[in-house]
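Please load the model and keep it open while you read. The report below covers helix packing, the ligand shell and the domains.

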Amino acid sequence: MQSIVIVGSGLAGYSVAREVRKRDKTARLVVVSADDGHFYSKPALSEAFRLGAPVAELSSRSAEAMAAQIKGEVWSDTRVTQLDLADHVLETSRGRLGYDRLVLALGAEPVRLPLDAASLARVLSVNDLCDYRRFRAAARGRKVVAILGAGLIGCEFANDLVHAGFAVKVIDIAGLPLNRLLPAANARCMHDALQRAGVDWHLGTGVERIEAKGEGVRILCTNGDAFDADLVLSAIGLRPRTALARAAGLAVAHGISVDAGLRTSDPQVYALGDCAQVDGLWLPYIAPIGAAAKVVAANLAGEAATVRYAPMPVVVKTPACPSVVCPPPIDVSGEWHTESDASGVQSLFRDEAGQLRGFALNGARTECAGALAQAMPMWLA
Ligand SMILES: Cc1cc2nc3c(=O)[nH]c(=O)nc-3n(C[C@H](O)[C@H](O)[C@H](O)COP(=O)(O)OP(=O)(O)OC[C@H]3O[C@@H](n4cnc5c(N)ncnc54)[C@H](O)[C@@H]3O)c2cc1C
């Protein structure tokens, strides 16, 4: 009996497990996860207050229920510490586990600010349901939350926490929110809308130090500003989890390098989701995972499938400023063209040949996202 081991119980890991089980009723299927193995929607974490979801209801299935669904085993709270590609063995915190085929669905990890250890000890981040439970417990009865980072996740949490009645301060080295994702006019629209909703921006400055002050903290900024908060949430970015793969000798670029068949540099090992870079593309979003999981399962069953990616617009979950963005590929040169009116801001990115390659939309302009995406060339054909 063939043994398929999947490392990671996020959307990528469980999607592959379900797809494998549809095709193969007999293989031994083991999902190994460093977390509690619950199935949940990660995007809901940054809008849970608005959704009115009690924390206990964010998980839709326990590890046991998932094991029953995939007709396999879920080794929760089990960390893989080493991959032995030659012998097809994983070292885990529960002992050794052999495999015939291995799927890495390790996700991404939060980037930490280069602060001293005492400052970092006062900072929370939310990258999974367990983190979110800790954050909600720490936030109970508190009023002021400082968010480090005005990117996608920072802005979404800012909107959600303001909506829930917290005083929210957002600190970012850039002069506008979503600086790396949105052109200036769209970013300004987000800035103004969240400010009207109550967000207190501290932009154009870094954080020097975070000191304990009473029950909360005092944040000292590099521009000399200082202010108090009850809690600090870091949202300065994510990077693919590549350490295991790199140490095992797999090819790694920004993420674990895989071809369009989701195969790593070892043909018995696949990778997908936030840990993987597919044919040079790192797309840390929900949309690519479904298609990638089907391709991995097909290839595990001996087919020769490859993934195709159409442009994938990302919805920014900030109801104060509804936004959709489809960033242009980084290697394409061109220009943004922006127009705005009372209905919102629309920025279109055209390459040197005049072809539409990206867009950013705010307000009622977001309704055009589907049509614009269809007018763009495939990202991976
Ligand atoms: C707050 C938030 C909001 C988001 N909102 C959106 C959104 O609106 N739209 C969108 O498209 N995307 C959104 N994203 C991104 C999206 O959620 C991710 O792209 C997706 O969930 C990644 O799934 P994954 O399975 O690759 O990784 P993960 O869900 O991170 O799963 C990784 C798994 O690997 C396990 N693991 C890691 N290391 C080990 C190890 N050594 N041993 C064993 N197990 C290990 C972990 O325990 C975990 O189970 C959001 C992300 C966050 C953090």
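Helix α6 (residues 152-163) packs on helix α7 (residues 184-197). This is a predicted model. The angle between the two helices is about 25°, and their axes lie 10 Å apart. Angles under 35 degrees count as roughly parallel, so α6 and α7 are roughly parallel to each other. Their crossing is left-handed. On the α6 side, the contact uses C155, A158, N159 and V162. On the α7 side, it uses M190, L194 and A197. Six of these contact residues are nonpolar and one is polar. The contact of α6 with α7 has no charged residues.

The crossing of α1 and α9 is right-handed. From α1, the contact takes L11, A12, S15, V16, E19, V20 and R23. From α9, it takes I289, G290, A293, K294, V296, A297 and L300. By class, that contact holds nine nonpolar, two polar and three charged residues.

The table sets out the two pairs.

| Helix pair | Angle | Axis distance |
|---|---|---|
| α6 and α7 | about 25° | 10 Å apart |

Now the ligand. Which residues come nearest to the ligand? They are G8, G10, A12, G107 and G273, out of 33 residues around the ligand. A12 also belongs to the α1 side of the contact with α9. What is the make-up of the shell by class? The shell has 18 nonpolar, nine polar and six charged residues. Helix α1 (residues 11-23) gives the most to this shell, with three residues.

Next, the domains. The protein is divided into domain 1 (3-108 + 239-300), domain 2 (112-234) and domain 3 (322-374). Domain 1 is assigned in two segments, 3-108 and 239-300. Which domains each supply at least three residues to the shell around the ligand? Domain 1 and domain 2 do. As for spacing, the centres of domain 1 and domain 3 are separated by 33 Å, taken over C-alpha atoms.

Notes
Residues are numbered from 1 along each chain as its sequence is written. This is a predicted model: local features need pLDDT of at least 70, side-chain atom pairs count only at pLDDT 80 or more; totals for chains, interfaces and linings use all residues. Axes are lines fitted to C-alpha atoms, for helices over the stretch in contact, and angles run from 0 to 180 degrees between N-to-C directions. Helices (H or I, at least four residues) and strands (E, at least two) are DSSP runs, numbered from the N terminus. Angles under 35 degrees count as roughly parallel, over 145 as roughly antiparallel, 65 to 115 as roughly perpendicular and the rest as oblique. A crossing is left-handed if the near helix is turned anticlockwise from the far one by less than a right angle, and right-handed if clockwise. Two residues are in contact if their C-beta atoms, placed from the backbone, lie within 7 Å. Ala, Val, Leu, Ile, Met, Phe, Trp, Tyr, Cys and Pro count as nonpolar, Asp, Glu, Lys and Arg as charged, and the others, Gly among them, as polar. A residue is near a molecule or strand if its C-beta atom, placed from the backbone, lies within 6 Å of it. Domain bounds come from an automatic or database domain assignment.
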